[in-house]
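Colleague: I have some questions about how the labels on this model were assigned. Please show the structure, and set each value against its cut-off.

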Amino acid sequence: MHTQYLDASQPKDLETAARLLKKGGLVAIPTETVYGLAANALDANAVEKIFAAKGRPMDNPLIVHIGALSQLSSLVREIPEAAQKCAQAFWPGPLTMILPKADCIPPPVSAGLSTVAIRFPANPAACALIRLAGVPLAAPSANTSGRPSPTTAQHVLRDLNGKIDAVCDGGPCGVGLESTVLSLTGQTPRLLRPGGVTLEQLRSVLGTVSMDPAVLNPLGDGEKAASPGMKYKHYSPQANVIILKGDLCAFANYVNAHCEDGVAALCYTGEESRLKVPAVCYGKKEDPSEQAQRLFEALRSLDEMNARVVYARCPKPEGMGLAVYNRLIRAAGFEVRELG
Ligand code: TXA
Ligand code: MG
């Protein structure tokens with residue numbers, strides 16, 4: 001299949017993308033978080049093609065994207081008060097809400113669950129495209145399953161060229177990590193995946209919000225994931241990533257004592273000069289939003305360097321840093337070493 005390259009700033013290219021989507025095609029679209037691989041959410045055949053193109057397990061449900069708040073009510077069975085508050089405070093934006101699903105959602109979208117994930121993205125091209133297509137769009141991140149999520153159209157093409165109908169280039173994503181996933185189906189709102197809307201922000205609007213244990217810890221044997229996506233080893237570059245917990249001095253000592261061929265470092269801006277191995281920076285130490293924006297690109301460039309082992313600086317799991325930490329511990333398969 002030939003993958004068309006479209007420019008999100010060109011109205012005629014957006015129309016082409018909308019036409020492909022209406023016909024049941026797959027189009028990678030820019031959002032403010034990461035690029036999504038979109039299909040008509042109400043067309044089960046189109047949605048099944050997403051799973052095939054990504055190599056995604058069928059038991060991992062998709063997020064349905066809307067382009068106007070008025071689309072929400074037809075997709076869910078009820079809108080609890082907490083959802084109304086969150087929609088008002090954080091939509092359009094990087095927040096996904098899990099709600100009881102309406103019957104029009106075909107089974108592959110929700111992987112057979114009774115709930116559905118809904119997000120109203122802030123990216124203007126994404127919203128325009130949803131409106132032009134006239135249907136909500138199911139879209140997971142537009143990467144091959146297991147690889148770091150794409151934050152540019154070039155990342156999308158590296159994984160999916162020839163497997164999808166088109167990619168719509170809207171430039172690099174601003175947030176850089178996937179949306180916050182919040183379940184509103186139980187007694188207490190529950191954070192399933194941290195992202196661009198922080199836990200602190202959610203609590204300021206909703207009061208009590210619990211955090212699913214899978215945000216920070218691996219699932220135990222036989223444990224069921226509240227968010228199926230959290231059970232997979234994710235965001236992995238080919239290298240074996242190991243997080244080192246400690247200050248810069250301890251980090252540099254450890255890395256420099258292990259400077260063999262194929263060893264690389266993932267560090268904060270300005271720290272490279274302390275290291276005797278090739279290093280990739282992912283933002284300033286005190287700026288978790290910059291770390292979020294650059295993390296996936298950094299993981300991809302470590303692959304391009306053919307790094308075999310990557311020692312990574314440990315993000316502080318607070319505010320936006322919680323999302324950065326959540327992605328990096330998955331990239332590391334939960335391997336964290338405390339430096340004494
Ligand atoms: O920022 C984002 O959320 C991006 C852009 C494209 O919008 N999308 C994205 O989709 O990250 P994906 O498929 O890579 O991640 C969706 C996550 C998965 O962890 C999935 O298991 C979870 O949301 N999810 C989807 N539906 C769910 C449901 N009904 N209940 C619990 N978790 C759900
Ligand atoms: Mg994903």
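Colleague: Why is C173 called buried?

Modeller: This is a predicted model. C173 has a relative accessible area of 2%, and buried means under 20%, so C173 is buried.

Colleague: What makes C314 buried?

Modeller: The relative accessible area of C314 is 17%. The cut-off is under 20%, so C314 also counts as buried.

Colleague: How do you know that C314 is too far from the closest cysteine sulfur for a bond?

Modeller: The closest cysteine sulfur to that of C314 belongs to C267, 14 Å away.

Colleague: How many disulfides does the rule give?

Modeller: The count is zero. As for C173, the nearest cysteine sulfur is that of C168, at 12 Å.

Colleague: Now the ligand. Which residues come nearest to ligand 1?

Modeller: There are 26 residues around ligand 1, and T33, N60, H65, S179 and G229 come nearest.

Colleague: How much of ligand 1 does the protein bury?

Modeller: Ligand 1 taken alone exposes 680 Å², and 97% of that is buried by the protein.

Colleague: Which element supplies the largest share of the shell around ligand 1?

Modeller: β6 does, with four residues. β4 (63–65), β6 and β10 (190–193) each give at least two.

Colleague: Which residues touch the most other members of the largest nonpolar core?

Modeller: That core has 49 residues, and L37, W91, L95, M97, I118 and L202 touch the most other members. Elements that each supply at least two of its residues include β3 (36–40), α2 (44–54) and α7 (199–206). The largest share, five residues, comes from α2.

Colleague: What is W91 in contact with, beyond four places in sequence?

Modeller: The contacts of W91 are I66, L69, L72, C86, M97, I118, R119 and F120. There is also a second, separate core of 32 residues, with Y235, V241, A298 and A332 among them.

Notes:
Residues numbered from 1 in each chain as written. Chains lettered and ligands numbered in written order. Predicted model: local features only at pLDDT ≥ 70, side-chain atom pairs only at ≥ 80, totals over all residues. Heavy atoms only, no water. Core = buried A, V, L, I, M, F, W, Y, C linked by side-chain atoms within 4.5 Å. Buried < 20%, exposed > 50% of the residue type's maximum accessible area, 1.4 Å probe, protein only. Contact = heavy atoms within 4.5 Å. Disulfide = S-S within 2.5 Å. Near = heavy atom within 4 Å. Areas by Shrake-Rupley, 256 points an atom, 1.4 Å probe, with all protein chains shown as cover.
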